[in-house]
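Please open the model in your viewer and keep the selection tool at hand. The stops below are given in the order in which they may be selected.

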Amino acid sequence: MIWCLSSPGKNLLQIQQDFWSVYPHSQGRIETIQKALSYFLKDFSLFCEELKINFWLHGGSLIGAIRHNGFIPWDDDIDIALTRKDFTILRDSVEKSQFILEELYNDIYPSRGYQLRYRNEPIPVFLDIVIFDFIVIENPTVNALNSYLEKFRLVQREVSENFHNFLHAPQLDFASKWHYGVYSAENKKSVDLLFECGNKKLEISNNGNAMLYALENFPFPYPVMLVNEITPFKKIKFEGITVNIPNSW
């Protein structure tokens, strides 16, 4: 209300755009991290070009790209998304590269996440990676997409219940970050099986006419989307680097 009263003749979107356009950039430690991340993003983009795979900005990095043409001023990581097919190519190609892919599990929620970082350990920055899966929905109306989303939530709830009631939320062998780390081989196998069974119930496929935020990602609520809402990608500058964003960002 204060914004609107102080900016007569402009709608709320225009007022917000004006506000963020003059918002100060990060300084100090965050600025240093963001510069390192920009360097990392450029290296990673070249690596993906060599592998002929695509990634797109996701989450806070997508907001930053749209609103700031780069980082949200207080952000200290980069969020990217890949299809499972492209993620598999990335995972299988990382070993001989300058990067390391870390597979991390959460011991509160059934969640399996991935972070990519340099092998050069003194450079501590990383990319957070999420996976999107394809599904096939006959006659993909709004009701059909919402119906599938309800199915997804039921499977997600079942996976969570099994994680707590049957596996008893196994403790991590080593936690490198807040409730994120690695499992023993036995616990890893059990948790991976939960995701595998869940994906079978969700009828995940290699191609389809719709996409969704994968079951194993941290349990944020995301809608089921038609493929043409993600691709063909649009291009945008992020800290001077040309990257992909979803078609209907």
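A residue is called buried under 20% relative accessible area, exposed over 50%, and partly exposed in between, with a 1.4 Å probe and protein chains only. By this scale R91 is partly exposed, its relative accessible area being 42%, whereas D92 is exposed at 55%.

The model is predicted: local features need pLDDT of at least 70, side-chain atom pairs count only at pLDDT 80 or more, and totals for chains, interfaces and linings use all residues. Residues are numbered from 1 along each chain as its sequence is written, and side-chain values use heavy atoms, with hydrogens and water left out.

**First selection: R91 and D92.** These two residues form a salt bridge, with the closest N and O atoms 3.4 Å apart. The term denotes a side-chain nitrogen of Lys or Arg within 4 Å of a carboxyl oxygen of Asp or Glu. How many salt bridges does a search of the whole structure find? The search returns 14.

**Next selection: E31 and K35.** Select helix α3, residues 28-51, in which K35 and E31 are four residues apart and therefore separated by about one helical turn. Helices are DSSP runs (H or I, at least four residues), as strands are (E, at least two), and both are numbered from the N terminus. A salt bridge links K35 to E31, and its closest N and O atoms lie 3.7 Å apart. K35 is exposed at 56% relative accessibility, while E31 is partly exposed at 32%.

**Next selection: E150 and R153.** Move to helix α6, residues 142-165, where E150 and R153 are three residues apart, which means a separation of about one helical turn. Their side chains meet in a salt bridge at 3.2 Å, N to O. Both partners count as partly exposed: E150 has 45% relative accessibility, and R153 has 34%.

**Next selection: a network.** Select R84, E103, R112, D133, K188, D192 and E216 together; salt bridges that share partners join these residues into one network.

Which residues does N247 touch, not counting residues up to four places away in sequence? They are N228, E229, I230, T231, P232 and K234, where contact means heavy atoms within 4.5 Å. For N228, display the backbone oxygen as well: a polar atom of the N247 side chain lies 2.9 Å from it.

Key: Polar contact = N/O pair within 3.5 Å; in protein donor to acceptor, adjacent residues only side chain to side chain.
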